[in-house]
Amino acid sequence: MKIFLIFLSAILVNNFVLQKFLGICPFLGVSKKIDTAVGMSLAVTFVMVLASIITWLLNGLLIAINLQFLTTIVFILVIAVLVQFVEIVLKKTSPSLYEALGIFLPLITTNCAILGLALLNVQSNYNLLETVFNAVGAGLGFGMALILFAGIREELEFADVPAPFKGLAGALITAGILSMSFVGFNGMIKL
Amino acid sequence: MGVFINSVLILGILGFVSGTFLAFAAKKFEVKEDPKVKEVLSALPGVNCGACGFPGCEGFAKAIVKGDAKPDGCIPGKRQGVPEKVKAILSK
């Protein structure tokens, strides 16, 4: 039951983008089209899940030899390697998506949502199974926020928006309203 | 002293393992690129200024080989004879 709660909480209640405000850069950067948003969410979810598993294991090792101060640098290293791997694979398998994601793909390395997730897993004392579910939930939550937002932005292109709110200004306001609607889930799951 | 050696060891091992992993991945998922792109890229100044309108010198080099850009599109390289060098590579 706790695992299910962690999973649901990561998607809805503690959504990384809309509630914790982590990973805003790709949220605004690659949300112009639903296709790229889907690709980005898949890449981020993949990195999140693998990074969570590896960092959880490494954290156990670091505690065992009493080197907790290395946590941040080790986590960043793991994330950077995984992102590079995703980049290499994408370049080979889907050049069009690779082109569409552009600079935002290598920027997953410095995406605070992923480091935040890895650190939160460790701080919450989750076991490995809970960590995996939290990571999948966080990735899906990120994807949901990104795809919802991309859908709204695609529709906004055709709407009659006043000139000052065209483009990024309107997108930022939309993001705020979207985030406000998710505040409604606040406190629904207490872990 | 033990902490120092341990940290160096653990980061060294981690770095080595990840580096090897990435090297293998890069080899396995290698993308065959037109060798001309590399040649054009090395003829460019490499300042990634973006004045040509492409994302970095690599983007410009790819566009030239594809035929989407003209060799004299590189503004910082114009005076150093970059367009001529690029044309020589393209006509090879």
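Lys2(A) is partly exposed, at 45% relative accessibility. Its salt-bridge partner is Glu130(A), which is buried at 9% relative accessibility. This is a predicted model. The structure holds two salt bridges over all chains, and the count between chain A and chain B is zero.

**Salt bridges**

- The side chains of Lys2(A) and Glu130(A) come together with an N to O distance of 3.6 Å.
- Glu130(A) counts as buried because its 9% relative accessibility is under the 20% cut-off. Lys2(A), at 45%, counts as partly exposed because that value falls between 20% and 50%.
- In chain B, Lys27(B) pairs with Glu30(B) in a salt bridge. Their closest N and O atoms are 3.9 Å apart.
- Lys27(B) is exposed, at 60% relative accessibility. Glu30(B) is partly exposed, with a relative accessible area of 38%.

**Interface of chain A and chain B**

- Chain A gives 18 residues to the contact, and chain B gives 17 residues.
- One residue pair is in polar contact across the interface, with both residues at pLDDT 80 or more.
- Helix 3 (34-64) and helix 4 (71-93) of chain A each supply at least two residues of the side that touches chain B.
- Helix 4 of chain A provides the largest share of that side, 10 residues.
- By residue class, the side of chain A that touches chain B has 14 nonpolar, one polar and three charged residues.

**Helix 3 of chain A**

- Helix 3 of chain A runs for 31 residues. Its first and last C-alpha atoms are 44 Å apart, close to the 45 Å expected at 1.5 Å a residue.
- Asn66(A) comes just after this helix and takes a positive phi of about 60°.

**Asn134(A)**

- Beyond its neighbours within four places in sequence, Asn134(A) is in contact with Ile6(A), Ala10(A), Leu117(A), Asn121(A) and Tyr126(A).

**Gln19(A)**

- Gln19(A) lies in the loop between helix 1 and helix 2 (24-29) of chain A.
- Gln19(A) is buried, at 16% relative accessible area.
- Which residues does Gln19(A) contact, leaving aside its neighbours within four places in sequence? They are Leu12(A), Val13(A), Asn14(A), Phe182(A), Val183(A) and Asn186(A).
- One of these, Phe182(A), has its backbone oxygen 2.6 Å from a polar atom of the Gln19(A) side chain.
- Thr45(A) is 26 residues from Gln19(A) in sequence. In space the two are 18 Å apart, C-alpha to C-alpha.

Definitions and conventions:
Residues are numbered from 1 along each chain as its sequence is written. Chains are lettered from A and ligands numbered from 1 in the order in which they are written. This is a predicted model: local features need pLDDT of at least 70, side-chain atom pairs count only at pLDDT 80 or more; totals for chains, interfaces and linings use all residues. Side-chain values use heavy atoms; hydrogens and water are left out. Contact means heavy atoms within 4.5 Å. A salt bridge is a side-chain nitrogen of Lys or Arg within 4 Å of a carboxyl oxygen of Asp or Glu. A polar contact is a pair of N or O atoms within 3.5 Å; within protein, one must be able to donate a hydrogen and the other to accept it, and residues adjacent in sequence count only if both atoms are side-chain atoms. Helices (H or I, at least four residues) and strands (E, at least two) are DSSP runs, numbered from the N terminus. Ala, Val, Leu, Ile, Met, Phe, Trp, Tyr, Cys and Pro count as nonpolar, Asp, Glu, Lys and Arg as charged, and the others, Gly among them, as polar. The expected span of a helix is 1.5 Å times one less than its number of residues. Buried means under 20% relative accessible area, exposed over 50%, partly exposed in between (1.4 Å probe, protein chains only).
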